[in-house]
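Have a look at the model first.

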Amino acid sequence: MSEVPAVNLEGAVPSHLPVLPLKSTVVFPRIFIPLSVGRKKSLQLLDDLSGVERHIAVATQLDESAEEVDFKDLHHVGTMVRVQHLLKLPDGTVQLAVLGLRRIRLTDVESDEPYLTCSVEMLPEISEDILSIEREALMRRAIASFQQLVALAPHLPAELAGAAGAIDDPLHLAYYIANHIRLTTEQRQEILELDSSKAKLERLLGHMSHELEVLELGRKIQTQAEEQMGKAQREYFLREQLKAIQRELGELDTEHAELSELRERIEKAGLPLEAKREADREIGRLERIPSASPESSVIRTYLELMVSLPWNVSTGGEVDVKKSREILDADHYDLDKVKQRIVEHLAVRRLKQVRGSTDRGREPILCFVGPPGVGKTSLGQSIARAMGRKFARASLGGVHDEAEIRGHRRTYIGAMPGRILQAIRRAESNDPVFILDEVDKIGADWRGDPSSALLEVLDPEQNKDFRDNYLDVPFDLSKVMFITTANSLETIPPALRDRMEVLHLSGYTEEEKVQIAERFLIPKQVSAHGLRDGEVTISEDAVRLIIRDYTREAGVRNLEREIASLIRRDVAEIAAGKRVKRMDDAKKVRAALGKRRFYDDVAERIDRPGVATGLVWTPTGGEIIFVEATLTPGKGELKLTGQLGEVMKESAAAALSYLKSHASDIGIDPSLFDKSDIHVHVPAGAQPKEGPSAGVTVLTAMASILTGRPVRDDIAMTGEITLRGKVLPIGGIKEKVLGAHRAGLRRVLVPSHNEADLDDIPADLRKQMQFVMLESIDQVLREALVSRKPVVLNGNGARTTVVARAAGSSRARPAPPSRRGAKGRRRPVA
């Protein structure tokens, strides 16, 4: 803000003027001041200004926080100003510079739209109401006080003192001083409303006298602080010299200053009663033992931990349910069930806040179960952001020692608190969102079982008094929102699983992966590689090619790696000075990622009797699996290979018994069971396989080799069988169907009792798939086996397929040539 000493302020005041409301600002006559305007009505007012004499009225708001104001919300004494300069900024606001001309009064409202226009009248100001000697004395005193103020106040430039000495008009001087010294908005408005220049100067002298006293006192305090600092530095050097002498003599005492500081921190930490008693007891021991004692450092470390824990520090504030849902949607695609569960929890907390309930209720303990790469851990971070809380994480994969959770007792050398309290201390909050990663991979040995230690941590009835072995006083974990992640529930002990609310995160469909890649992965990698938005992108066809031919996974980790590889190729070309196409296409994908890695080889594998395609669930998502059966000369024995588990072996035995008892109905020659052995093999023999859901597949493969009828190459199947010929329900339907879809299969045989589970499958994928509901083994064989004879060799050595025809006629046609060089896909673990 600056003053303009020579300005022609003569001229009549118009009868009405547009009014610009001001927040926390008072404009004085004869003062040049910059303003920033951003409200809609104010911007419209400035847009309508025209001509050379751009005059408006400015008035200060009564309520500085109000956005919409009218006549009654303004001080009625204001200033007529001339808009000297006006600049529109890119963010939509306007910067303008105005010169105060006359003091005016707003008398009435002319119009409210599109902005406030008021009738105005000029308020005369009295500047010749005092004798010339008194006037000169008053001005000299005001100028002297102002110059003193400029000398002491660091925020006032020195040039202001000289400019004030050059002003010879008391009214002008009053406005000049009022514009620059530290005053509240109400005090400035009061100066403006006073009619007499004498009254204005006298009031300003009072304000300046007060400000000078404050500045003098501040300078005195600063001087004393500097003197004390110098004294403290001198004492510090003397103490260090004393310590050096005592160290040489072996007489170094306990550092009393540090103990006093530690006592003060204990008082301010807000410790519960039991923790406070323990802290006081330990610091009393610390004062009594020599500082050279090993126990001294143990006690000091313990007390440092105790005072650094957030006993009473919380970050979860007012809950905005709508905003929280928007954050979850912005960070993650799909996952609607998980998001809805979080929103429900936040809605309950919001309702309690609105109704003034002091009961926070229990925090949910959620367990996210799903394949790698589906966003379990990152979802926890989004939940913390949506709830406005700190985020803490502890990885439990491979943890074997119970002390990792509960901490070590202080009697051990190198003892330390457990991972729970360490993470709470780092989070600096007693109510963070706490992710316990890989809870299904906790081990157990002679050192204890960490999963048993987690029972107390994850039990809402007990964790309000969680007692770490190192801390040895209760710490309240009931405000913490614990979220665990796992790839499988099978390895989690039942007691621990019972304490958690399990939410399943299944693998993504191809369409979902495309959306995730376009919304999240590609922009993330573009930014990570130093590219600008839109400089390089990847077409949808290229993304689908990467998904189908270069990745086979339930999540999107490998997809992100391949996208990063593709973008690195673009970055390398840009660095080499080559021109790079803005859109990477399928041709660029093959050039950057090399040969195709995965093939849909189901039709090639099932080109003869005895091979069936099954579906299995694995911790990394659903997969297809091939079951092969063949006949060898023997006595009807069953041989099973491929690292099959006991349950799977029993399913194979049940399948053989059913085929023997229903051989004539199925069309099997009963003599085959007496003179042939059946060998069933499940490829990928290095990986163990278990579970009853392969029963349907094993039976179909056996029936195929015994009847000579191949299995259809466009179907996959799953289900448990019984000796009575029933097909029983199984689990993991969604994951298995996703696995079939990734393998290119569009027809799936599933138990009829699992029909309700099909609702979990995304609607767009259900439209692409055909599901056959199974109730009996007879239905399985009708749907799975084709009516044709086995593949044989003709007289020329070429393969032919004999196709059954009506009335016993048949004809032979060459079988399709097999593809060579196809890489087999990774075999799943059943």
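Strand β8 (residues 366–369) runs parallel to β14, and four bridges join the two. (Strands and helices here are DSSP runs, E of at least two residues for strands and H or I of at least four for helices, numbered from the N terminus; two strands pair if DSSP finds at least two bridges between them.) Within that pairing, L366 stands opposite E501 in β14.

Before going further, some housekeeping. This is a predicted model, with local features needing pLDDT of at least 70 and side-chain atom pairs counting only at pLDDT 80 or more, while totals for chains, interfaces and linings use all residues. Residues are numbered from 1 along each chain as its sequence is written, and side-chain values use heavy atoms, leaving out hydrogens and water.

Back to the sheet: five strands pair in parallel, in the order β9-β10-β13-β8-β14, and the sheet is open. Since β9 (391–395) and β14 (501–504) are the edge strands with a single partner each, one side of each is left without a neighbour in the sheet. From one strand to the next, the twist averages 20°. Helix α14 (residues 419–427) packs on this sheet and touches β9 and β10 (433–437); contact means heavy atoms within 4.5 Å. The direction of α14 makes about 150° with that of β9, with axes fitted to C-alpha atoms (for helices, over the stretch in contact) and angles running from 0 to 180 degrees between N-to-C directions.

What about the nonpolar cores? A core is a set of buried Ala, Val, Leu, Ile, Met, Phe, Trp, Tyr and Cys residues joined through side-chain atoms within 4.5 Å. Buried means under 20% relative accessible area, with exposed over 50% and partly exposed in between (1.4 Å probe, protein chains only).

| Core | Size | Some members |
|---|---|---|
| Largest nonpolar core | 63 residues | L659, M702 |
| Another core | 53 residues | A279, A423, A427, M500 |

In the largest core, L659 and M702 have the most contacts inside it, and helix α25 (residues 695–707) gives the most to this core, with eight residues. M702 touches A629, L638, A652, A655, L656, L659, I678 and V680, leaving aside residues up to four places away in sequence.

One loop residue is worth a stop too: S752, between β24 (747–751) and α27 (763–768). S752 is buried, at a relative accessible area of 16%, and touches M773, L774 and E775, again not counting residues up to four places away in sequence.

Zooming out, the chain has 28 helices and 28 strands, and 47% of its 830 residues count as buried.
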